[in-house]
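Me: Hey, I've got a structure open and I'd like to talk it through in plain words. Can you help me?

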Amino acid sequence: MGYTIKQVSQLTGLSISTLRYYDREGLLPELRRRESGYREFGESDLYALELIECCKQAGLRIKEMRGFMSLLRQGDSSLCSRRDFCREHVRRLEARLAAVQAALEHSREILEFHKIAAETGSEAEATALYAGRRENK
């Protein structure tokens, strides 16, 4: 069964213009067209859209997504290349996650300082109290 672009938009939450963009960028190579020229999405296209959105959330660029989609179309002959691509992708995500984790910890420290300052009504007093709490950790 084929889906219209409107149905896919409703199913995925992606805008129609985003779906058209992905098609123009070659990210949906198996997308069929009806005789009328309208796009007809199949189950494989829905899976591809899930993969594209995952890649997008992970920070991949369109060029990288296009390369991975090309590898997928090559079948078993590209298994090692896909594994290497995914390994590098995971490595980059782990690095980003570590950076976000460090930023979160720093933000928590700043929040703690400002909580103390708001409670005491004094940055100077908060500085002394905060320094004491950090030494006790």
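Me: Which helix is Gln-10 in?
Reply: Gln-10 sits in helix α1. Helices here are DSSP runs of H or I with at least four residues, strands are runs of E with at least two, and both are numbered from the N terminus. Before we go on: this is a predicted model, where local features need pLDDT of at least 70, side-chain atom pairs count only at pLDDT 80 or more, and totals for chains, interfaces and linings use all residues. Residues are numbered from 1 along each chain as its sequence is written, and side-chain values use heavy atoms, with hydrogens and water left out.

Me: OK. Is Gln-10 buried or exposed?
Reply: Gln-10 counts as exposed, because its relative accessibility is 60%. The cut-offs are under 20% relative accessible area for buried, over 50% for exposed, and partly exposed in between, using a 1.4 Å probe and protein chains only.

Me: And where is Phe-41 relative to Gln-10, C-alpha to C-alpha?
Reply: Their C-alpha atoms are separated by 13 Å, and the two residues are 31 residues apart along the chain.

Me: Let's zoom out. How many helices and strands does the chain have?
Reply: The chain has six helices and two strands. Starting at the N terminus, the order is α-α-β-β-α-α-α-α.

Me: What is the radius of gyration of the chain?
Reply: The chain has 24 Å, while a compact globule of 137 residues would be near 14 Å. That radius is taken over C-alpha atoms, and the globule rule is 2.2 Å times the number of residues to the power 0.38. Along the principal axes, the C-alpha atoms fill a box of roughly 75 × 35 × 20 Å.

Me: What share of the residues is buried?
Reply: Of the 137 residues, 28% count as buried. The chain exposes about 9,500 Å², and carbon and sulfur atoms supply 54% of that. Those areas come from the Shrake-Rupley method with a 1.4 Å probe, and for residues only the protein chains shown count as cover.

Me: Back to α1. How do the axes of α1 and α2 cross?
Reply: Helix α1 covers residues 5-12 and helix α2 covers residues 16-24; their axes come within 9 Å and cross at roughly 110°. That makes α1 roughly perpendicular to α2. The axes are lines fitted to C-alpha atoms, for helices over the stretch in contact, with angles from 0 to 180 degrees between N-to-C directions. Under 35 degrees is roughly parallel, over 145 roughly antiparallel, 65 to 115 roughly perpendicular, and the rest oblique.

Me: Which residues meet there?
Reply: From α1 you get Ile-5, Lys-6, Val-8 and Ser-9, and they meet Ile-16, Leu-19 and Arg-20 of α2. By class, that contact has four nonpolar, one polar and two charged residues. Here Ala, Val, Leu, Ile, Met, Phe, Trp, Tyr, Cys and Pro count as nonpolar, Asp, Glu, Lys and Arg as charged, and the others, Gly among them, as polar.

Me: What about Leu-19, buried or exposed?
Reply: Leu-19 counts as buried, because its relative accessibility is 0%. Leaving out residues up to four places away in sequence, Leu-19 touches Ile-5, Val-8, Ser-9, Leu-14, Leu-28, Phe-41 and Leu-49. A contact means heavy atoms within 4.5 Å.

Me: New topic: where is His-89?
Reply: His-89 is in helix α5, which spans residues 79-120. Its relative accessible area is 14%, so His-89 is buried. Setting aside residues up to four places away in sequence, His-89 touches Ala-58 and Leu-60.

Me: Last one: which helix holds Ala-126?
Reply: Ala-126 belongs to helix α6, residues 123-136. With a relative accessible area of 0%, Ala-126 is buried. Apart from neighbours within four places in sequence, Ala-126 is in contact with Phe-113, Ile-116, Ala-117 and Thr-120.
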